[in-house]
Amino acid sequence: MSELYKTIPSLVPKPRGYGQFRLESPPTYLFICDFVNIGDGLPDPVALAIRLAELHSTSISPTGKFGFYVPTYDGKLPQITNWDSSWASYFGKLLTGVLRLDIEVNGHWKELEDLAERVVNEVIPRLPGALESDGRSIKPCLIHGDLWEGNIGTDLETGNIYIFDACSCYAHNEMEIGMWRTEHHRMKAKAYKQEYLRNMKPSEPADEWDDKNRLYSDKTKLMYSAHVPGTNVRNQALEDFKYLIENYGSPPESRPSDSFGEM
């Protein structure tokens, strides 16, 4: 939250402090920020897109790499944030880490794990990897990281949009809106993505934008599955993996043998 506030102060309630309670089990922490009187309705797509594009376009990674200073948390679960100069490499590690969290909660599922390994080894080097090939490059942008409707509010007095409860990192800006594709969130209206793309053009190759959005949504789906055991989102991720492998997977004779990490 402090990194977001430092970048765009008017977008985030001002952080005031944080700490840990004396309670030993479970470990419990506190975070204090300014109070903002916000409504519980969905944000205006136009206003949100403008502010989000401002955050993504003006933020600068302090290392020039993807990642973050410390592990950040989506709810109670940590995500991998080790600095990495390659977006494809970083996202592969991020997705692998989230799958591990899902397995710890929901147990092993060989079909999902086998498909996820192929996504990491074949699809990610090809699909996000294309963003950094043939002379192309992308900028690491500061993202909120958990931008569903429950973490966005509109000030009832001023109409200003605020975002909060972040699990930030420096990432490809388009990963921010992957979660708007998921069925368990309410911000699925096309207007949200359309307005964002009016302000931030799709990264090249632009004709693969929707498939990258599908891939990025799977990080959200698996993280949600790890938080809420037994939900159908695990099956949705499985079907996405099948689609992505069919369209971007390698033929058997050219499949890589390495992976970004053990599942």
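This report walks through the pockets, the cavity, the salt bridges and a surface patch of a predicted model.

## Ground rules

Local features were kept where pLDDT is at least 70 and side-chain atom pairs where pLDDT is 80 or more, while totals for chains, interfaces and linings use all residues of this predicted model. Residues are numbered from 1 along each chain as its sequence is written, and side-chain values use heavy atoms, with hydrogens and water left out.

## The largest pocket

Let's start with the open spaces. The largest pocket holds about 1100 Å³ of space. Here a pocket is an open set of points on a 1 Å grid over the protein atoms alone, with protein on both sides within 12 Å along at least five of seven lines; lining residues have an atom within 4 Å of a point. A volume is the space filled by probe spheres set on the points, and grid points are joined across faces, edges and corners.

This pocket is lined by 34 residues, with Met-1, Tyr-18, Phe-31, Tyr-73 and Ala-166 nearest its centre. At least two lining residues come from each of helix H1 (2-7), E1, E2 and strand E3 (72-74); helices (H or I, at least four residues) and strands (E, at least two) are DSSP runs, numbered from the N terminus. E1 gives the largest share, 6 residues. By class, the lining has 22 nonpolar, 7 polar and 5 charged residues. In this scheme Ala, Val, Leu, Ile, Met, Phe, Trp, Tyr, Cys and Pro count as nonpolar, Asp, Glu, Lys and Arg as charged, and the others, Gly among them, as polar.

## The second largest pocket

The second largest pocket has a volume of about 260 Å³. Its lining has 17 residues, and those closest to the centre are Asp-74, Asp-146, Trp-148, His-185 and Tyr-224. E3 and helix H6 (209-227) each supply at least two residues of this lining, and the largest share, 5 residues, comes from H6. The classes here are 6 nonpolar, 7 polar and 4 charged residues.

## An enclosed cavity

A search of the whole structure turns up 1 cavity of 30 Å³ or more. A cavity is a set of grid points where a 1.4 Å probe fits but cannot get out.

Ile-143, Gly-145, Asp-146, Met-175, Glu-176, Met-179, Tyr-216, Lys-219 and Thr-220 form the lining of the cavity. H6 supplies the largest share of that lining, 3 residues. By class, the lining has 4 nonpolar, 2 polar and 3 charged residues.

## Salt bridges

The model has 16 salt bridges, each defined as a side-chain nitrogen of Lys or Arg within 4 Å of a carboxyl oxygen of Asp or Glu. One of them joins the side chains of Asp-240 and Lys-221 at 2.5 Å, N to O. Asp-240 lies in helix H7 (residues 233-248) and Lys-221 in helix H6, so this pair ties together parts that are 19 residues apart in sequence. Both Asp-240 and Lys-221 are buried, where buried means under 20% relative accessible area, exposed over 50%, and partly exposed in between (1.4 Å probe, protein chains only). These two residues also belong to a network of salt bridges with Arg-214 and Asp-218.

Other pairs sit within a single helix. Lys-110 and Asp-114 meet at 2.6 Å, N to O; they are 4 residues apart in helix H4 (residues 110-126), so about one helical turn separates them. Lys-110 is exposed at 60% relative accessible area, whereas Asp-114 is partly exposed at 34%. In helix H7, Glu-239 and Lys-242 are 3 residues apart, again about one helical turn, and their closest N and O atoms are 3.4 Å apart. Glu-239 is partly exposed at 46% relative accessibility, and Lys-242 is partly exposed at 34%.

## A nonpolar patch on the surface

Phe-21, Leu-23, Leu-30 and Ile-32 make up a nonpolar patch on the surface, with about 350 Å² of accessible area together. Patches are made of residues with over 30% relative accessible area and no salt bridge: like charges are joined within 9 Å, nonpolar side chains (Val, Leu, Ile, Met, Phe, Trp, Tyr) within 5 Å. Accessible areas come from the Shrake-Rupley method with a 1.4 Å probe, and for residues only the protein chains shown count as cover. Phe-21 is in the loop between strand E1 (15-20) and strand E2 (29-33), and is partly exposed at 43% relative accessible area.
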